Amino acid sequence: QVQLVESGGGLVQPGGSLRLSCAASGFLFNNYAMSWYRQAPGKERELVAGIARAGGSINYADSVKGRFAISRDNAKNTVYLQMNSLKPEDTAVYYCKADRWLGGNYYYYWGQGTQVTVSA
(Lines give C-alpha, C1' and ligand atoms only; values in the text may rest on other atoms or scores of the structure.)
Protein backbone atom coordinates (compact mmCIF):
# COMPACT_ATOMS: atom_id res chain seq x y z
CA GLN A 1 0.00 0.00 0.00
CA VAL A 2 1.44 3.33 -1.10
CA GLN A 3 1.64 5.98 1.58
CA LEU A 4 3.03 9.48 1.75
CA VAL A 5 2.70 10.92 5.23
CA GLU A 6 3.52 14.57 5.78
CA SER A 7 4.35 16.01 9.19
CA GLY A 8 5.86 19.12 10.73
CA GLY A 9 3.20 21.67 9.92
CA GLY A 10 1.78 24.08 12.45
CA LEU A 11 1.37 27.69 13.49
CA VAL A 12 4.43 29.93 13.29
CA GLN A 13 5.01 33.66 13.52
CA PRO A 14 6.21 35.64 10.51
CA GLY A 15 9.96 35.28 10.16
CA GLY A 16 9.93 31.89 11.80
CA SER A 17 10.91 28.48 10.49
CA LEU A 18 9.37 25.06 10.04
CA ARG A 19 10.67 21.79 8.69
CA LEU A 20 8.23 19.54 6.89
CA SER A 21 8.83 15.84 6.43
CA CYS A 22 7.21 13.36 4.09
CA ALA A 23 7.73 9.68 4.84
CA ALA A 24 7.13 7.33 1.92
CA SER A 25 6.30 3.64 1.87
CA GLY A 26 4.86 1.05 -0.47
CA PHE A 27 6.91 1.97 -3.54
CA LEU A 28 10.55 2.27 -4.61
CA PHE A 29 11.29 5.73 -3.28
CA ASN A 30 14.68 5.98 -5.02
CA ASN A 31 12.97 5.70 -8.43
CA TYR A 32 10.71 8.70 -7.95
CA ALA A 33 11.19 12.41 -8.16
CA MET A 34 9.73 14.14 -5.12
CA SER A 35 8.13 17.52 -4.81
CA TRP A 36 6.25 19.77 -2.44
CA TYR A 37 3.11 21.61 -3.45
CA ARG A 38 0.86 23.94 -1.52
CA GLN A 39 -2.71 25.09 -1.76
CA ALA A 40 -4.04 28.18 -0.07
CA PRO A 41 -7.80 28.73 0.44
CA GLY A 42 -9.45 29.73 -2.81
CA LYS A 43 -6.30 29.18 -4.84
CA GLU A 44 -5.00 26.44 -7.09
CA ARG A 45 -2.40 23.98 -5.92
CA GLU A 46 1.06 25.20 -6.86
CA LEU A 47 4.52 23.68 -7.04
CA VAL A 48 6.82 24.86 -4.28
CA ALA A 49 9.95 22.76 -4.81
CA GLY A 50 11.05 19.59 -6.56
CA ILE A 51 14.02 17.26 -6.30
CA ALA A 52 15.19 14.58 -8.69
CA ARG A 53 15.59 10.91 -7.77
CA ALA A 54 19.23 11.20 -6.78
CA GLY A 55 18.88 14.76 -5.56
CA GLY A 56 21.06 16.22 -8.30
CA SER A 57 18.41 18.48 -9.79
CA ILE A 58 16.39 20.85 -7.63
CA ASN A 59 13.95 23.57 -8.56
CA TYR A 60 11.95 26.15 -6.60
CA ALA A 61 9.07 28.47 -7.17
CA ASP A 62 10.28 32.06 -7.43
CA SER A 63 8.25 32.98 -4.36
CA VAL A 64 10.29 30.70 -2.09
CA LYS A 65 13.79 30.88 -3.59
CA GLY A 66 16.37 31.71 -0.96
CA ARG A 67 13.97 30.88 1.88
CA PHE A 68 13.01 27.21 1.38
CA ALA A 69 15.23 24.19 0.85
CA ILE A 70 14.16 20.76 -0.31
CA SER A 71 16.20 17.65 0.42
CA ARG A 72 15.77 13.92 0.47
CA ASP A 73 17.21 10.97 2.34
CA ASN A 74 16.83 7.89 0.18
CA ALA A 75 17.99 5.64 3.01
CA LYS A 76 15.03 6.84 5.10
CA ASN A 77 12.53 7.15 2.23
CA THR A 78 11.88 10.71 3.32
CA VAL A 79 11.79 14.10 1.68
CA TYR A 80 12.08 17.35 3.63
CA LEU A 81 11.19 20.98 3.16
CA GLN A 82 13.06 23.45 5.34
CA MET A 83 11.12 26.70 5.40
CA ASN A 84 12.78 29.83 6.75
CA SER A 85 11.76 33.49 6.89
CA LEU A 86 8.13 32.48 6.65
CA LYS A 87 5.57 35.00 5.51
CA PRO A 88 1.79 35.12 5.96
CA GLU A 89 1.42 34.38 2.25
CA ASP A 90 3.11 31.02 2.82
CA THR A 91 0.00 29.91 4.72
CA ALA A 92 -1.40 26.86 2.95
CA VAL A 93 -1.84 23.12 3.10
CA TYR A 94 1.44 21.58 1.98
CA TYR A 95 1.43 18.31 0.07
CA CYS A 96 4.23 16.04 -1.03
CA LYS A 97 4.10 14.22 -4.33
CA ALA A 98 6.06 11.33 -5.79
CA ASP A 99 6.14 10.85 -9.55
CA ARG A 100 7.93 9.14 -12.37
CA TRP A 101 7.61 8.16 -16.02
CA LEU A 102 8.00 4.50 -16.83
CA GLY A 103 7.37 2.85 -20.17
CA GLY A 104 5.30 5.77 -21.40
CA ASN A 105 3.13 5.78 -18.31
CA TYR A 106 3.05 8.48 -15.66
CA TYR A 107 2.84 7.33 -12.06
CA TYR A 108 2.21 9.68 -9.17
CA TYR A 109 1.15 9.64 -5.55
CA TRP A 110 0.01 12.38 -3.18
CA GLY A 111 0.17 12.74 0.55
CA GLN A 112 -2.78 13.92 2.63
CA GLY A 113 -1.26 17.32 3.37
CA THR A 114 -0.14 19.25 6.42
CA GLN A 115 -1.36 22.71 7.39
CA VAL A 116 1.11 25.56 7.69
CA THR A 117 -0.19 28.80 9.15
CA VAL A 118 1.99 31.89 9.37
CA SER A 119 0.43 34.49 11.61
CA ALA A 120 1.27 36.83 14.44
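Here are some notes on the predicted model above.

1. Ground rules. This is a predicted model, so local features need pLDDT of at least 70 and side-chain atom pairs count only at pLDDT 80 or more, while totals for chains, interfaces and linings use all residues. Residues are numbered from 1 along each chain as its sequence is written, and side-chain values use heavy atoms, with hydrogens and water left out.

2. Overall size. The radius of gyration is 14 Å, which agrees with the value near 14 Å for a compact globule of 120 residues. That radius is taken over C-alpha atoms, and the globule rule is 2.2 Å times the number of residues to the power 0.38. The C-alpha trace spans about 45 × 25 × 25 Å along its principal axes.

3. Contacts and surface. Among contacts (heavy atoms within 4.5 Å) with a separation of 6 or more, 54% come from residues 24 or more positions apart. Of the 120 residues, 40% count as buried; buried means under 20% relative accessible area, exposed over 50%, and partly exposed in between (1.4 Å probe, protein chains only).

4. Thr-114. You'll find Thr-114 in strand β11, residues 114–118. It counts as buried because its relative accessibility is 11%. A polar atom of the Thr-114 side chain lies 3.3 Å from the backbone nitrogen of Gly-9. Leaving out residues up to four places away in sequence, Thr-114 touches Glu-6, Ser-7, Gly-8, Gly-9, Leu-20, Ala-92, Val-93 and Tyr-94.

5. Ser-21. This one sits in strand β3, residues 18–25. With a relative accessible area of 19%, Ser-21 is buried. Not counting residues up to four places away in sequence, its contacts include Val-5, Trp-36, Thr-78 and Tyr-80. Glu-6 and Ser-7 are also touched by Ser-21, and both turn up in the Thr-114 list too.

6. Leu-28. Have a look at the loop between β3 and β4 (33–39), where Leu-28 is found. Leu-28 is exposed, with a relative accessible area of 61%. From Leu-28 to Ser-57 it is 29 residues in sequence and 19 Å in space, C-alpha to C-alpha.

Notes: Helices (H or I, at least four residues) and strands (E, at least two) are DSSP runs, numbered from the N terminus. A polar contact is a pair of N or O atoms within 3.5 Å; within protein, one must be able to donate a hydrogen and the other to accept it, and residues adjacent in sequence count only if both atoms are side-chain atoms.
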